[in-house]
Amino acid sequence: MEGLDNLLDLSHTLAWEYLNSFKYPWQALSGLKEFILKLGASLPPEYMEISPNVWVHENAKIAPTAYIGAPAIIGGGTEVRHCAFIRGSALVGEGCVVGNSAELKNVILFDGVQVPHYNYVGDSVLGYKAHMGAGSITSNVKADRTPVWVKCGDERIETGLKKFGAILGDFAEIGCNCVLNPGTVIGRNTSVYPLISARGVYPSDSIVKSADKIVKRKH
């Protein structure tokens, strides 16, 4: 389906087999806690269980002031910085940055993802080397508390989820202080200008200059 195909290179996450079993990436969110618990118990010895059901790679760097709730897996070379708040059900890949006062909950971060400054990422999947600028967030609950749906062209795709933030394709770039409204999908290699309130599906290889102005990226 246009806009939802070829978003993610599954070779860049420990959840590749799990994600590959679903039609849409957001379908993985409902069972993510159980998947992380199962995966954590089978990890190689370089992953240390620093507290019950929290596994951290020996080469990860965790600030003393960071909080990591269970279940969670933190990959090698990842940096979890001062006052980061990982609430649980978080699978964070290799070489990621979870920054100052960033908050994660029920998420998959592929390798190389950066959420470095004051970000909230909840009930979302962030693809390989996706980056969220300072203050940008995923909004994961609709104001009326009804299930989230995804608008893809003229089609409305029901997710059945009351909590679903966003899917970021590989190399997506989100500008500072953006809000990704519930059910937002950002295509691979797509950039979103700062201060935009995004909603719906944005095509790959694009630049989102405003809510209603999207241009094709020039290579």
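C152 counts as buried at 10% relative accessibility, where buried means under 20% relative accessible area, exposed over 50% and partly exposed in between, with a 1.4 Å probe and protein chains only. This is a predicted model, in which local features need pLDDT of at least 70 and side-chain atom pairs count only at pLDDT 80 or more, whereas totals for chains, interfaces and linings use all residues. Residues are numbered from 1 along each chain as its sequence is written, and side-chain values use heavy atoms, with hydrogens and water left out.

**Cysteines**

- C96 also counts as buried, at 1% relative accessibility.
- The structure holds 0 disulfides, a disulfide being a pair of cysteine sulfur atoms within 2.5 Å.
- For C96, the closest cysteine sulfur is that of C176, and because the two sulfurs are 19 Å apart, they are too far for a bond.

**Nonpolar core**

- The largest nonpolar core has 68 residues, of which W26, V98, L104, L109, V115, L126 and L168 touch the most other members; such a core is a set of buried Ala, Val, Leu, Ile, Met, Phe, Trp, Tyr and Cys residues joined through side-chain atoms within 4.5 Å.
- In soluble globular proteins, nonpolar side chains tend to be buried together.
- Not counting residues up to four places away in sequence, L168 touches L8, V125, L126, G127, A130, M132, I174, L180 and I186, contact meaning heavy atoms within 4.5 Å.

**Loop and strand residues**

- S89 lies in the loop between strand 7 (85–86) and strand 8 (90–92), strands being DSSP runs (E, at least two residues) numbered from the N terminus.
- S89 is buried, with a relative accessible area of 10%, and, leaving aside neighbours within four places in sequence, S89 is in contact with L32, K33, I36, A70, P71, K105, N106 and V107.
- K216, found in strand 25 (residues 213–216), counts as exposed at 57% relative accessibility.
- K216 and S206 are 10 residues apart in sequence, yet their C-alpha atoms are 4.4 Å apart in space; not counting residues up to four places away in sequence, K216 touches S204, D205 and S206.

**Second largest pocket**

- K142, V148, W149, V150, K151, P182, G183, R199 and G200 line the second largest pocket.
- By class, this lining has 4 nonpolar, 2 polar and 3 charged residues, where Ala, Val, Leu, Ile, Met, Phe, Trp, Tyr, Cys and Pro count as nonpolar, Asp, Glu, Lys and Arg as charged, and the others, Gly among them, as polar.

Methods:
On a 1 Å grid over the protein atoms alone, a cavity is a set of points where a 1.4 Å probe fits but cannot get out, and a pocket is an open set with protein on both sides within 12 Å along at least five of seven lines; lining residues have an atom within 4 Å of a point. Helices (H or I, at least four residues) and strands (E, at least two) are DSSP runs, numbered from the N terminus.
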